[in-house]
Amino acid sequence: MAPRTPRSQPLDFEKPIIEIEESLARLTAQRPQDDPAVARELTALRERLRGVRQEIYARLTSWQRVQIARHPARPYALDYAALCFDEFVELRGDRAFADDRSLIGGFARLGGRRAMLIGHQKGRDTKERALRNFGMAHPEGYRKALRLMRLASKFGLPVIALVDTPGAYPGIGAEERHIAEAIAVNLREMFALEVPIVAAVIGEGGSGGALGIAVADRVLILENAYYSVISPEGCAAILWKDRSRAPDAAEALKMSPPELLRLGIVDEVIPEPEGGAHHDPAAAAALLKGALVRHLDELGGLDPGDLRRKRHEKFRRLGTFDGG
Amino acid sequence: MKKTGEKRVFKRRAVAGTSRRGGRKAGIPEGLWTKCESEACGQVIFNQQLEENLRVCPACGHHFPLGARARIAALVDEGTFEECDRGLRAVDSLGFPNYADRLGVEHGRRETPEAVVCGTGSMGGVRVSLAVMDFTFLGGSMGAATGEKIARAVARAESGGRALVIVSASGGARMHEGCFSLMQMAKISGELQRLAEARLPYISVLTHPTTGGVTASFATLGDLIIAEPGAMIGFAGPRVIRETTHQELPEGFQTAEFLLERGLIDRIVSRREMRDTIARFLGYLLGGA
Ligand SMILES: [Zn+2]
């Protein structure tokens, strides 16, 4: 797991919480606690802490959620693979060019069920970040994912996709090996898979790179993840020629989980521990596991034809327009 | 998804324009001519001649942008096009800044108020379902109405047992519609999956520019993929790639010729030969002449 604790990397909007926590720590360390005055002060501080935490975390803005979604201590796909699943056996390579380490996949067991787990993977330290290319997959990642999903379909394993990418990699090699086609083929072929597919956005749901593994029967999202057609910074740069207005863009894009649920882009918002998944990865994993199991079990009863028809209809409905 | 493609075209158009100063210099009356966009060419072309030549420079073969209606006229057998879903149009579903105003302006001045014109028509006597994107409508961006129209065009091919031809021209997603825009990629790909299963042909034509989410969905899913010469085709915009990788982009990066060289498309076909080429390919795929 993350070597750093959330407390050592607070986000800007968490500063009021950190200040109270520090006062609490100082008071506890310095003064005799059997002094009734100190005890009263401690109780008051703890009360205030609870209130401030609740106030901040219950009213997170879209931009604050984006910051949590990108927090360097946030659990990644392999963390959930270890925490939610009884077993994960990684399978590698696209059988043609490379093994993309920013998009992982393999067999997994989830509470006795067999499954194919795929997911974007970010790195924790400098070295691993480079290895994982900051979670930005090349064409080979999407082609490996499709290979594994087809294998799953052939042998009746449901597919679980954990989405966590700023976007597909914008690079020369990626273009030369046709990243656009790799994503497009996944979009089309995921409609042909004859097994249940459950996707969960666990961090960043960055545009086509996210959708490339998320054409699913159920699309879930963690409470502090996001799913968007463009990064808030990119949107702000185009709209206002000013990347620092990303918080406004995050609001305008309706990219936060409650809004995505209201718009029908996602089917369920999975709650996170207070402050975000990185405050308590094990608890976050338990919540994710519960949701995955429930949806897999619901979908398990459908025959392949029904699954595919419903998947088609689910995406066919998305979007509003006039004059239809 | 980014707007780089759009910007690049605007730059090229600015070069093109019907500049008055240049006109006097060349001794040709104002507003009747266009200077070739290709810097190496610079040929002064009478507008009427340019239109008659499907907006292809007679001197160097450079392909100027072509509106959806002119494109359809150039593609289908004369008088055979029947438009569908003409009234279908975008709404400001997210309350996005300035979007409603922009839509209002665009809707007011357009015959077809969307970034795509759809319908059926004959090509060499074969009835096809057609979707032709229009870059001049909000950069050919993919809104929910755009996606719905294209999805219906695919479904129309499937239910009618016809071939599908889509001509792409797009800067990518329409960020004003947020994830609804993104989901059109899946929606259309789902319809294409059904069309493929029905073994009906889909010919994808890529024109300048085809980028972002359109490239990463239906544009690259054709049974055959044909591009116009010089078209810029890519997923990420060149500026984004340069900023991310800090690398110099190779010569001709993301042009149709670059894609052909790397095996990503079937052929490059000149606009003037597009109709006959598609009709010929449909002959192979559907049988017949
Ligand atoms: Zn020329």
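These are my notebook entries on how the parts of this structure meet.

**Ground rules**

I am working with a predicted model, where local features need pLDDT of at least 70, side-chain atom pairs count only at pLDDT 80 or more, and totals for chains, interfaces and linings use all residues. Residues are numbered from 1 along each chain as its sequence is written, chains are lettered from A and ligands numbered from 1 in the order in which they are written, and side-chain values use heavy atoms, leaving out hydrogens and water.

**Entry 1: the two domains of chain A**

I began with the domain assignment, whose bounds come from an automatic or database source. For chain A it gives domain 1 (12–59) and domain 2 (64–316). I found the C-alpha centres of domain 1 of chain A and domain 2 of chain A to be 37 Å apart. Six residues from domain 1 of chain A and six residues from domain 2 of chain A make the contact; contact means heavy atoms within 4.5 Å.

I then looked up the area buried between domain 1 of chain A and domain 2 of chain A, which is about 600 Å², with 49% given by carbon and sulfur atoms. (Buried area is the accessible area, taken with a 1.4 Å probe, that two parts lose on being put together, summed over both.) In domain 1 of chain A, Phe13(A), Arg53(A) and Tyr57(A) lose the most area to domain 2 of chain A, together 70% of what that side buries.

Arg53(A) came up again in my next search: its side chain meets that of Glu274(A) in a salt bridge, at 2.8 Å from N to O. I noted the rule: a side-chain nitrogen of Lys or Arg within 4 Å of a carboxyl oxygen of Asp or Glu. Across the interface of domain 1 of chain A and domain 2 of chain A, the rule finds one salt bridge.

**Entry 2: the two domains of chain B**

Chain B is divided into domain 1 (10–64) and domain 2 (65–285). I read 26 Å between the C-alpha centres of domain 1 of chain B and domain 2 of chain B. Nine residues from domain 1 of chain B and twelve residues from domain 2 of chain B take part in the contact.

Between domain 1 of chain B and domain 2 of chain B, the buried area is about 1000 Å², and carbon and sulfur atoms give 58% of it.

**Entry 3: chain A against chain B**

Next I turned to the two chains. I see 48 residues of chain A in contact with 57 residues of chain B. The area buried between chain A and chain B is about 4700 Å², with 71% from carbon and sulfur atoms.

The count between chain A and chain B is four salt bridges. One I looked up joins Arg308(A) to Glu197(B), with the closest N and O atoms 2.9 Å apart.

Last, I followed the strands across. (Strands are DSSP runs of E, at least two residues, numbered from the N terminus; two strands pair if DSSP finds at least two bridges between them.) Two bridges join E9(A) to strand E4 (residues 89–90) of chain B, and the strands run antiparallel. In this pairing I found Asp322(A) opposite Arg89(B) in E4(B).

Technical notes: Helices (H or I, at least four residues) and strands (E, at least two) are DSSP runs, numbered from the N terminus.
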